[in-house]
Amino acid sequence: MFFEKCKSIKEGFKARTSVMKDVDNNFLSDPGQIVNNFRVFFEKLLSNNNYNQYSNDLSFEQIIRDTVEPELPEPNQEEIEQIVNTCGHDSQNEFIDLLADETKNTIIEEVKKSDFFSLMADTTPDVSHQDQLSICLRYVDPFGEVCERLVAVCESVEKTRLGIAKNIKEVIQKNGLPCENIAFQSYDFASSMSEKLEAIDVIDALMLLNNTIEILKDIYNDDTGMNNLVKSSIQFACKLGIDPNYDFNRVHRRHLIPNRFDSNLNTQTNFDMKTFYSLEFKKVLDTLITLSSEHLKKCMTTIEPLFKVFSIPLKPNHIAADFKKIIELFPPGCSASKLTNYDRILSEFLILVHHCNVMSNLLEILQTSKSFKHLLPNVNMMLRLVFTAPISTSGVLSFFERGGVFILFKKIFICK
């Protein structure tokens, strides 16, 4: 559509016949005379008796050379840029709309060919404080590439779950996509809005989350390391001209010991700045560990069959029932949901294990299964399902940010 529009504009600049010569070399500029001269020429040209007589006449060759308008080819990149730059803002907006429609149509066609996809939706306020609903799709294209594409941004009028669900369903149906082919759904923190995570699969992501939880537990139990970090933060604040003790004492006034407590100084607890911030960090870490563990448990409940079969390294000690559980994860609208020959799928998997026993990357295994797609169609489809599951780190990062602490490679940076 876009190239047709550019070509139509280019056709408008094409030369037209406005002046020509007759057989007596007289210039004709009147449109009626030009049409009449063409009529005389073609009548003579189509006359069977006199065709040979006029075919050698140079004047008729001159007429053909001067009047025939060649077919213009499709515009190239330079011509398109020139057309767009010389158009008014209304025409430029029209070209932008044409490009957007063409891009979206290409994305929708890719999604349809993938047979199933994941849906990710998130709302965020714009500069006018109106909630905008962004809808992204994650899928594996026919070339085996993991794709995340933004397909719609619309105003979220109804803030309820039912209202947002209606908006999402309208967008999906408007683009001609069947809701029955949605494999996974994520309604917060779409990954294409945060970081490039297309090459990460859900199994690696869950293993990363599990390792993160273990790191958080190690930090929580390391009192010496935590005190050293607080001490380093105090020294860094002093270099910036900040007196941490003054700020701490200003906010945290001294509390008198109640009479009912023992007034013996040897049994009292020294509530200083290091102790306070160590306790605050432990509260943050405890929240992070609890929330991350809950998310991990929920995710594992959903994709446990995929995690069991496709964890690296691949192992051959599986039975047909394991693949039956994976087939049940496919959406009802795709062809894979109708598979019933689980023994054949097991055989395909064993062949894949034989070819990928030295591979440590699931994305590489996906590409290998694609190269053997004619032999391993079902296993390739299962691997595509693994990479179709949405991945995000935004939710985890938001937990860290709300706590005022960033954890990176087992180090804590204070952001109070």
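**Entry 1: the loop at His 129**

I started with His 129, which sits in the loop between strand 3 and strand 4. Strands here are DSSP runs of E with at least two residues, helices are runs of H or I with at least four, and both are numbered from the N terminus. Before going on, I noted that this is a predicted model, where local features need pLDDT of at least 70, side-chain atom pairs count only at pLDDT 80 or more, and totals for chains, interfaces and linings use all residues. Residues are numbered from 1 along each chain as its sequence is written, and side-chain values use heavy atoms, with hydrogens and water left out.

I looked up phi of His 129 and got a value near 65°, which is positive in a residue other than glycine. Is His 129 buried or exposed? It counts as exposed, because its relative accessibility is 69%. (Buried means under 20% relative accessible area, exposed over 50%, and partly exposed in between, with a 1.4 Å probe and protein chains only.)

**Entry 2: another positive phi**

Asp 115 also has a positive phi without being glycine, this time near 80°. I found Asp 115 in the loop between helix 6 (89-114) and strand 3. With a relative accessibility of 19%, Asp 115 counts as buried.

I then checked the pairs around strand 3:

- Strand 3 (residues 117-125) runs antiparallel to strand 4 (residues 131-140), and eight bridges join them.
- Leu 119 has Leu 137 of strand 4 opposite it.
- Strand 3 and strand 6 pair in the parallel sense, over four bridges.
- Ser 118 has Phe 184 as its bridge partner in strand 6.

A reminder to myself: in a regular strand, side chains alternate between the two faces of the sheet. Strand 6 is mostly covered, with four of its five residues buried.

**Entry 3: two helices crossing**

I moved on to helix 10 (residues 244-251) and helix 11, whose axes come within 11 Å and cross at roughly 75°. That makes helix 10 roughly perpendicular to helix 11. (Under 35 degrees is roughly parallel, over 145 roughly antiparallel, 65 to 115 roughly perpendicular, and the rest oblique.) Pro 244, Asn 245 and Phe 248 of helix 10 meet Met 273, Phe 276 and Tyr 277 of helix 11. (Contact means heavy atoms within 4.5 Å.) These residues split into five nonpolar, one polar and no charged. (Ala, Val, Leu, Ile, Met, Phe, Trp, Tyr, Cys and Pro count as nonpolar, Asp, Glu, Lys and Arg as charged, and the others, Gly among them, as polar.)

Further along helix 11 I picked out Ser 278. Ser 278 is buried, with a relative accessible area of 9%. Leaving aside neighbours within four places in sequence, Ser 278 is in contact with Met 226, Asn 227 and Val 230.

**Entry 4: the cores**

Which residues touch the most other members of the largest nonpolar core? Leu 306, Phe 310 and Phe 330 do, out of 56 residues. (Such a core is a set of buried Ala, Val, Leu, Ile, Met, Phe, Trp, Tyr and Cys residues joined through side-chain atoms within 4.5 Å.) Elements giving two or more residues to this core include strand 6, helix 12 and helix 15. Helix 11 supplies the largest share, 12 residues. Leu 306 has contacts beyond four places in sequence that include Phe 184, Ile 326 and Met 382. Apart from this core lies another of 18 residues, among them Val 111, Leu 119, Ile 135 and Ile 182.

**Entry 5: last look-ups**

Asn 167 belongs to helix 7 (residues 161-174). Asn 167 is buried, at a relative accessible area of 17%. Not counting residues up to four places away in sequence, Asn 167 touches Leu 133, Glu 155, Ser 156 and Val 157.

Finally, I found that the peptide bond from Ile 312 to Pro 313 is cis, with omega near -5°. Pro 313 is in the loop between helix 11 (273-310) and helix 12 (320-327).

Terms used: Two strands pair if DSSP finds at least two bridges between them. Axes are lines fitted to C-alpha atoms, for helices over the stretch in contact, and angles run from 0 to 180 degrees between N-to-C directions.
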